[in-house]
Number of protein chains: 2
Amino acid sequence: MPYLPPSVELREVGLRDGLQLEQPIPLRAKLELLEAVVATGVRRVEATSFVSPKAVPALADAEELAGELERWPGVHFSALVAGTGGARRAVAAGMPNLEYVVSASESHSLANARRGTDQAVAAVADIAALAHGAGGECEVIIAVAWDCPFDGRTPADRVVDIARRAVALGADRLCLGDTIGTTVPARVVALVEAVRAACPGIDVGVHFHNTRGSGLACVLAAAQIGVTRIDASVGGLGGCPFAPGATGNIATEDVVYLLEESGVSTGLDLDRVLAAAAVAERALGRPLTTSNVYRAGGRSRPLGPQG
Amino acid sequence: MPYLPPSVELREVGLRDGLQLEQPIPLRAKLELLEAVVATGVRRVEATSFVSPKAVPALADAEELAGELERWPGVHFSALVAGTGGARRAVAAGMPNLEYVVSASESHSLANARRGTDQAVAAVADIAALAHGAGGECEVIIAVAWDCPFDGRTPADRVVDIARRAVALGADRLCLGDTIGTTVPARVVALVEAVRAACPGIDVGVHFHNTRGSGLACVLAAAQIGVTRIDASVGGLGGCPFAPGATGNIATEDVVYLLEESGVSTGLDLDRVLAAAAVAERALGRPLTTSNVYRAGGRSRPLGPQG
């Protein structure tokens, strides 16, 4: 077997990436989901984003949510931001661990952030300073790192260049996002290794969608080259409303099943992840169809080690 | 990147494993699907099974189907059998390439074949002789090779022992079946390597279900250790009727996407696989929901090589 790390650190993104395109749910329901998520054992949670409430009404309660997080002191909470304004709001709300998204393609950057990639990268300096000034850290997430819905394949050189500049401007860590769910293992390995080579000593995480079914294979490939920071969404929350039937984020329970059964410790309890998925399902009021383990169950019965 | 082979050989199992639990469809519809499947470029097709028409009414037309296969002379067609009687029927119908299933667990063997594993293995001699006498080959598929719904984890020693005996009795090749879709990459590698060590020179293929989302990760892991015979089902045909929402066979188009985008040649054309999935969808008269690439599309637009 190719190398696998003894453990990885999952980041639960269901509360943010999972809910952002859904009809808004009450803060009370989010807190119930958070409680269930924290009970899984996960220690990194992307809790919300500080973006325009008009653009993302489902996360308009970011400040209120942030005010409740002190009840879970052992958890590293982070907030996604799209610019300096959001970063100020997050820090003011007591969430100094920021994830700042930069789109690797010019068209995606213009469509999503109304500015080109260069301008978006330049803002890392201020956002990192805000995070650091408040005792937090700044992760730069490079979106459409492999493919862009408008520009096609993203040149790897572009991603490497953004990564290098982001680190120079103060980013503490990086994450590569397969925003439209098109990448595959060989491309994951090639890009992660290129970014690592350009940014020695900087941790590179991954964020996959299972849109074309390759999400877990990409997790495996990333783990094989020692990537230990992996995003996942409980219940597979986060289907894309523009592609009915297409799946969104890889499901936390699918990742936990894959890795734990392969001998890689995640620190999460599968039964509790399934319980959290049930809470998410109740909160949304519709069946979660994109998580495989949630639909099928972990296994037919508890099984001992294979002889 | 860990090793990947330059090419693999997929076996299309949609016509057999995919249809066996469905309501019977007319022979005409099967031939239309076969035409579409052959047009994908696949050169190995599991076309039907010769089993009890009472137990599997959807494949009761095995003889009639077999009579039509000469129209595709370049394709290696095989038929699944559950015993000597079925093997005789297959050979008489002009299908000498046999796949004979042996359940690795005693309980599954008793439930599915009404005899224990030892008795089932002993029949390999006659079935292989029938295949060879008719100019064909005999593959032994070891079912529930990793886990059994009744007995829990299948001891690897049991699988290795069955494999060794099957080869001694005349099996030309082996296939390991993850019948209930519970295995994961590390277990795939361990078992394939154990069987290979016990049966040098014998080709070992794999048959995965995506029930818990790990199917494509298992394909990747198998390919990394040089497994080049992989079963897949167009459109993901083959959902389990006892687990609503659970997925069945891994979808041919998902495997083709994963491998081709990773630089591994399958010989199949993705667009034609998607066209075949559309034919399958029309034949069944309901949406195919378990194929990711079929739902999402190959990509948003044709893309050149990544820079």
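**Salt bridges and their surroundings**

Mentor: Glu9(A) has a relative accessibility of 33%, so it counts as partly exposed. Keep in mind that this is a predicted model. The side chain of Glu9(A) forms a salt bridge with that of Arg44(A), at 3.3 Å from N to O. The two residues are 35 apart, and the pair links distant parts of the chain: Glu9(A) sits in strand S1 (residues 9-12) of chain A, Arg44(A) in strand S2 (residues 44-50) of chain A. Arg44(A) is buried, because its relative accessible area of 14% is under 20%.

Opposite charges matter here. Side chains of opposite charge can pair when their charged atoms come close. Over all chains, the structure holds 46 salt bridges.

Now chain B. Asp118(B) and Arg165(B) form a salt bridge, with the closest N and O atoms 3.0 Å apart. Asp118(B) belongs to helix H6 (residues 117-122) of chain B and Arg165(B) to helix H8 (residues 156-168) of chain B, so the bridge ties together parts 47 residues apart in sequence. Asp118(B) is exposed, at 51% relative accessible area. Arg165(B) is partly exposed, at 28% relative accessibility.

Next, a buried pair. Arg173(B) and Glu139(B) meet through their side chains in a salt bridge, 4.0 Å from N to O. The pair ties together parts 34 residues apart in sequence, because Arg173(B) lies in strand S8 (residues 173-177) of chain B and Glu139(B) in strand S5 (residues 138-143) of chain B. Arg173(B) is buried at 9% relative accessibility. Glu139(B) is buried too, at 6%. Both belong to one network, joined by salt bridges that share partners; among its other members are Glu9(B), Arg11(B), Arg44(B) and Asp231(B).

Another arginine deserves a look. Arg16(B) is found in helix H1 (residues 14-18) of chain B. At 7% relative accessibility, Arg16(B) is buried. Leaving aside residues up to four places away in sequence, Arg16(B) touches Glu46(B), Ala47(B), Thr48(B), Ser49(B), Leu59(B) and Leu80(B).

Last, a contact between chains. Helix H10 (residues 215-224) of chain A and helix H10 (residues 215-224) of chain B have axes that come within 7 Å and cross at roughly 45°. H10(A) and H10(B) are therefore oblique to each other. Their crossing is right-handed. Residues making the contact include Leu216(A), Leu220(A), Leu216(B) and Leu220(B). By class, the contact has eight nonpolar, two polar and no charged residues. H10(A) is largely enclosed by the rest of the structure, because 10 of its 10 residues are buried.

Key
Residues numbered from 1 in each chain as written. Chains lettered and ligands numbered in written order. Predicted model: local features only at pLDDT ≥ 70, side-chain atom pairs only at ≥ 80, totals over all residues. Heavy atoms only, no water. Axes fitted to C-alpha atoms, helices over the stretch in contact; angles between N-to-C directions. Helix = DSSP H or I, 4+ residues; strand = E, 2+ residues; numbered from the N terminus. Parallel < 35°, antiparallel > 145°, perpendicular 65-115°, else oblique. Left-handed = near helix turned anticlockwise from the far one by under 90°. Contact = heavy atoms within 4.5 Å. Nonpolar A, V, L, I, M, F, W, Y, C, P; charged D, E, K, R; others polar. Buried < 20%, exposed > 50% of the residue type's maximum accessible area, 1.4 Å probe, protein only.
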